[in-house]
Amino acid sequence: MISPKTLKLSLKSLRDFAKKELPDERLIELDERDECPIEVVRQMCDPNKLGIQLLLIPEEYGGMGGGAFDNYLVCEEMAHIDLGLATTVFATFLGSDPITVGATPEQKKQWLSRIADEGLIFAYGATEPDAGSDLGALRTTADRVMEDGHIAGYKINGNKQWISNGGIAGAYTVLANTPAGPSWFIVESGAKGFTHDEPEDKHGIRLSNTAALAFNDVYVDASRLVGGVEGQGLLQAQAVFGYTRVMVAAFGLGAGWAALDRAIPYSVKRIQAGGPLSEKQGYTHKLIVPHVVHLEAGRSYVEETAERIDTGKEGWLNTEGAIAKYMSTEAGNAAAEASIQALGGYGYTHEYMVEKISRDVRITCIYEGTSEIMEMTISRDRWQVHLKTRGQYYHDEARKLETLHASHPNVGADTAALALHALAELLEKARGGRLTRHQHVLFRIGEWIAFAECAGSLSRRAARMAEGKLSEKASHRFDAVSLAAIARIFAREAALKVAEEGLRIVVGAGGVDGDLAAFEISLRLPAIHRAQAGLIADMDEIADALYNRRAKPTQKVA
Ligand SMILES: Cc1cc2nc3c(=O)[nH]c(=O)nc-3n(C[C@H](O)[C@H](O)[C@H](O)COP(=O)(O)OP(=O)(O)OC[C@H]3O[C@@H](n4cnc5c(N)ncnc54)[C@H](O)[C@@H]3O)c2cc1C
């Protein structure tokens, strides 16, 4: 784990580097030329210069041994600068992940040390032309090459699609089918029979090199099979999903805030109808405040999940990683889109950057598992928990928030509890009516779960903030008063969304025969409607905080 002071210094070095090497004009030019600035990437990865990848490598291999929380902050900072470059650095991390979790000690020493010492760029080759979300459809093969009755090596044949760093990496981890199942192999860029295509002409992250790979009888020594045992590939990939999805979630936060950090100052200077746009509630409360709230809801879940991963005691946390990614990347995407609107015609041009950020951030809802695959993952995993606890899991979580509300009445915990109670009722109705046989219902449940769990997380975060107990490394962009208002706003939205959209879908799927009124009561709709009171005042509070208009805290936080 990196100390708060060292982390702060590293983040500052990253910002200073970006200020010098990557001003907006340079980023716009590279985006227009569709070019990955390889010399900048090398400087970023050079251990004698910025050495950003050192943060991600364990100490025993020459890195700084950053944990999930450190990586979240680095990823957010990088995405705030440029998501294409962030993807380039992330791809090295992703490419080395199968090695970090599954390699033999010798393999770790050889490859992780090279990333730390030489700044070796890695790529992660999983996706294929016909195997995207469904990696089970993998077609690339790795056939054994036998010598004297022993496996001497493997011959790899097949194609990979959309590989970040595909055309610039020095080494690749490649998922291929062995006789015992999918396995990771390390292939170096000069290997005979290995080629890559020209970079893809993409919608966004045009500073990131993305290329297709082809393997034509590429021979690798047996020592290049990660972990030395065939058939471990999918397990090794899954072992890091919690971690890597938190990192992509951080990309959503970084890019979303990068857009808002342009829209907010713009709105102060832009005068329309006799005053700055920042003074117009119809503008701020539609284009700025809701996006701030969603980004901070995502952040809360990211921070909680990263802290839990760093304890090392809670397993892979893949469902939590999926919730963090889903909420933060959707929020980042929506924030960037709204920022174009917030800048009007200027937002629609290249010069003001929000258009580029909006194109860039779109990828975060696609790679490392699409938003729909996240909905499915979240729903399926928590469905099992609902069944195992005989429908009590979310009622229990709600009761914990009711207890929190008793000590912290201003952090929206009572309303978040309403969201969780409603969720428990909806899941139970879905179970009784066997409604998850409709894939749409299954996926919508994933979305409600993500909203309700984030509402709970944000209430807990606001309470910890009020007690001065947030981690020193945690984001302190908002003070306790504003964070409590953000938590209340989000809890109201989550409760209403879960209950009303849930009602619509469950009734729509034929899940309520007869007593609709009883179902409505079980969802506690009147209480959820009453909880909306105070919404506009809380949105005013956030707008005042964002625009530094608050003379003094307007509300006391318990
Ligand atoms: C710029 C970029 C960089 C990338 N970098 C890498 C990389 O470095 N390494 C790597 O291995 N991969 C990489 N990828 C691949 C990326 O992870 C995949 O694109 C992603 O997983 C989706 O797969 P797909 O494109 O085949 O889409 P598909 O899986 O075909 O999905 C298409 C649509 O259908 C939906 N869908 C899919 N399955 C289902 C289902 N069962 N039920 C309902 N809906 C479904 C999806 O949500 C999506 O909306 C990259 C992609 C891009 C565009």
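# Surface, charges and selected residues of a predicted model

Q: What percentage of the accessible surface of the protein chain belongs to carbon and sulfur atoms?
A: The structure shown here is a predicted model. The accessible surface of its protein chain comes to about 22,700 Å². Of that area, the part that belongs to carbon and sulfur atoms is 51%.

Q: How many helices and how many strands are there in the protein chain?
A: The C-alpha trace of the protein chain spans about 75 × 55 × 40 Å along its principal axes. Within the protein chain, the count of helices and strands comes to 20 helices and nine strands.

Q: What percentage of the residues in the protein chain are buried?
A: A residue counts as buried when its relative accessible area is under 20%. Applied to the 558 residues of the protein chain, this cut-off gives a buried share of 58%.

Q: Among contacts between residues at least 6 apart in sequence, what percentage join residues at least 24 apart?
A: The contacts considered here are those in the protein chain between residues at least 6 apart in sequence. Among these contacts, the share that join residues at least 24 apart is 76%.

Q: How many salt bridges does a search of the whole structure find?
A: Side chains of opposite charge can pair when their charged atoms come close. One network of salt bridges links Asp31, Asp34, Asp201, Arg206, Glu355 and Arg359. A search of the whole structure gives a total number of salt bridges of 45.

Q: Which residue forms a salt bridge with arginine 26?
A: The closest N and O atoms of the two are 2.9 Å apart. The pair links distant parts of the chain, 13 residues apart, with arginine 26 in helix H2 (residues 24–33) and its partner in helix H3 (residues 38–45). That partner is glutamate 39.

Q: Are arginine 299 and glutamate 296 buried or exposed?
A: The side chains of arginine 299 and glutamate 296 meet in a salt bridge, with 2.9 Å from N to O. Both residues lie in helix H9 (residues 281–311), three residues apart, which is about one turn of the helix. As for their accessibility, arginine 299 and glutamate 296 are both buried.

Q: What is the phi of arginine 524, in degrees?
A: Most residues other than glycine have a negative phi. Arginine 524 lies in the loop between helix H18 (516–522) and helix H19 (525–530), and it counts as partly exposed because its relative accessibility is 33%. Although arginine 524 is not a glycine, its phi is positive, at about 60 degrees.

Q: Why does asparagine 548 count as exposed rather than buried?
A: Asparagine 548 lies in the segment after helix H20 (535–546), and its phi is near 50 degrees, a positive value in a residue other than glycine. A residue counts as exposed when its relative accessible area is over 50%. Asparagine 548 therefore counts as exposed, because its relative accessibility is 71%.

Q: What is the relative accessible area of leucine 207?
A: Leucine 207 has its place in the loop between strand S6 (194–196) and strand S7 (210–221). Leaving aside neighbours within four places in sequence, leucine 207 is in contact with several residues, including Leu27, Leu30, Cys36, Pro37 and Lys356. Leucine 207 is buried, with a relative accessible area of 1%.

Q: Which residues does glutamate 198 touch, not counting those up to four places away in sequence?
A: Glutamate 198 also has its place in the loop between S6 and S7, and it is exposed, with a relative accessible area of 66%. Its C-alpha atom is separated by 7.8 Å from that of alanine 212, which is 14 residues apart from it along the chain. Not counting residues up to four places away in sequence, glutamate 198 touches Thr210 and Ala211.

Conventions
Residues are numbered from 1 along each chain as its sequence is written. This is a predicted model: local features need pLDDT of at least 70, side-chain atom pairs count only at pLDDT 80 or more; totals for chains, interfaces and linings use all residues. Side-chain values use heavy atoms; hydrogens and water are left out. Helices (H or I, at least four residues) and strands (E, at least two) are DSSP runs, numbered from the N terminus. Buried means under 20% relative accessible area, exposed over 50%, partly exposed in between (1.4 Å probe, protein chains only). Contact means heavy atoms within 4.5 Å. Accessible areas come from the Shrake-Rupley method with a 1.4 Å probe; for residues, only the protein chains shown count as cover. A salt bridge is a side-chain nitrogen of Lys or Arg within 4 Å of a carboxyl oxygen of Asp or Glu.
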